[in-house]
Amino acid sequence: MERISVDQARCERSGASGRAEDGMARLSVPVGVSDQATRMFLLTRVVAALIESENSALADHLRAGLPPEIVDRLRSLPLSEALHFTGGDCGIFIAIDGPALHRQLARLDRLQADRRQYEYFVRGGASPQLISRLFSVSHSDVRRLRKLIAPATSSGGRPKVPQDSLRDLILTTWRELGVQQSERDRYYLLSMAFPALPIVCLESVVEDVPPASADEQGRPGRH
């Protein structure tokens, strides 16, 4: 039975997650707008904020940074004048907030990583009960996705119990992963360490012993 080391599995899990922060911008960067259509769109959003919402954050920000007469003029600007106004450089820029951009991209990366891991558990034959607990989804959602992406995978019936030597090796690896890992990552890394076994089989081994015995003692007990 091939077994991947826990450290190797952790490396495959983490990948390049820390490299994105190295080049993260620290300041807001103003970007000029070269085409009139975009300038016109931005101007309409500014005017709408001033007209429709007296207490909006954008309106408050504009009033704080612009003289009152300019604010009043923008609010009453006719369409014909707005077209002339945006025909050239009119002082409207797009500001790119580096830290906010990084946070949103990081959130997107986490969502994508969660989805990949969710599909990994489905393809890997984890039970609907485990997947539902780890990913806060319904059993029906799990079964629906399994039919879609892994129709040949089944977790029904009682999983085959590994031989004692392999069972002990699985529990040793589970203990090595430690309680510092989330349960989801712990099962993921355990599966990475034993890629030939369906996850439901690993579940049966881990859940067949009391938590204290599986996590803390040298020789796990049995029911």
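Trainee: What covers the buried residues of H11?

Mentor: This is a predicted model, in which local features need pLDDT of at least 70 and side-chain atom pairs count only at pLDDT 80 or more, while totals for chains, interfaces and linings use all residues. Residues are numbered from 1 along each chain as its sequence is written, and side-chain values use heavy atoms, with hydrogens and water left out. Helices are DSSP runs of H or I with at least four residues, numbered from the N terminus, and buried means under 20% relative accessible area, against over 50% for exposed and in between for partly exposed (1.4 Å probe, protein chains only). What covers the buried residues of H11 includes H6, H7, H9 and H10.

Trainee: How many of the eight residues of H11 are buried?

Mentor: Among the buried residues are Ile199, Val200, Cys201 and Leu202, and Glu203 also belongs to them. H11 is largely enclosed by the rest of the structure, because the number of its eight residues that are buried is seven.

Trainee: How are H9 and H11 oriented to each other?

Mentor: Axes are lines fitted to C-alpha atoms, for helices over the stretch in contact, and angles run from 0 to 180 degrees between N-to-C directions; under 35 degrees counts as roughly parallel, over 145 as roughly antiparallel, 65 to 115 as roughly perpendicular and the rest as oblique. Helix H9 (residues 164–177) and helix H11 (residues 199–206) have axes 10 Å apart and pack at about 85°. H9 and H11 are therefore roughly perpendicular.

Trainee: Which residues of H11 make the contact with H9?

Mentor: Contact means heavy atoms within 4.5 Å. On the H9 side the contact is made by Arg167, Ile170, Leu171 and Trp174, and on the H11 side by Leu202, Val205 and Val206.

Trainee: At what distance does the polar contact join the side chains of Asp185 and Gln117?

Mentor: Asp185 lies in helix H10 (residues 183–193) and is buried, with a relative accessible area of 18%. A polar contact is a pair of N or O atoms within 3.5 Å, where within protein one must be able to donate a hydrogen and the other to accept it, and residues adjacent in sequence count only if both atoms are side-chain atoms. For the side chains of Asp185 and Gln117 the distance is 3.4 Å.

Trainee: How many aromatic pairs are there?

Mentor: Rings of Phe, Tyr and Trp (its six-membered ring) pair if their centres lie within 6.5 Å, and planes under 30 degrees apart count as stacked, over 60 as edge-to-face and the rest as tilted. By this rule the number of aromatic pairs is five.

Trainee: How many residues apart in sequence are the parts that the pair of Tyr118 and Phe135 ties together?

Mentor: Tyr118 and Phe135 form a tilted pair, 5.3 Å centre to centre with 35° between the planes. Since Tyr118 lies in helix H6 (residues 98–123) and Phe135 in helix H7 (residues 128–135), the separation in sequence of the parts tied together is 17 residues.

Trainee: Is Phe135 buried or exposed, and what kind of aromatic pair do Phe121 and Phe135 form?

Mentor: At 12% relative accessibility, Phe135 counts as buried. Phe121 and Phe135 lie 5.5 Å apart centre to centre with 70° between the planes, and this pair is edge-to-face.

Note on methods:
Helices (H or I, at least four residues) and strands (E, at least two) are DSSP runs, numbered from the N terminus.
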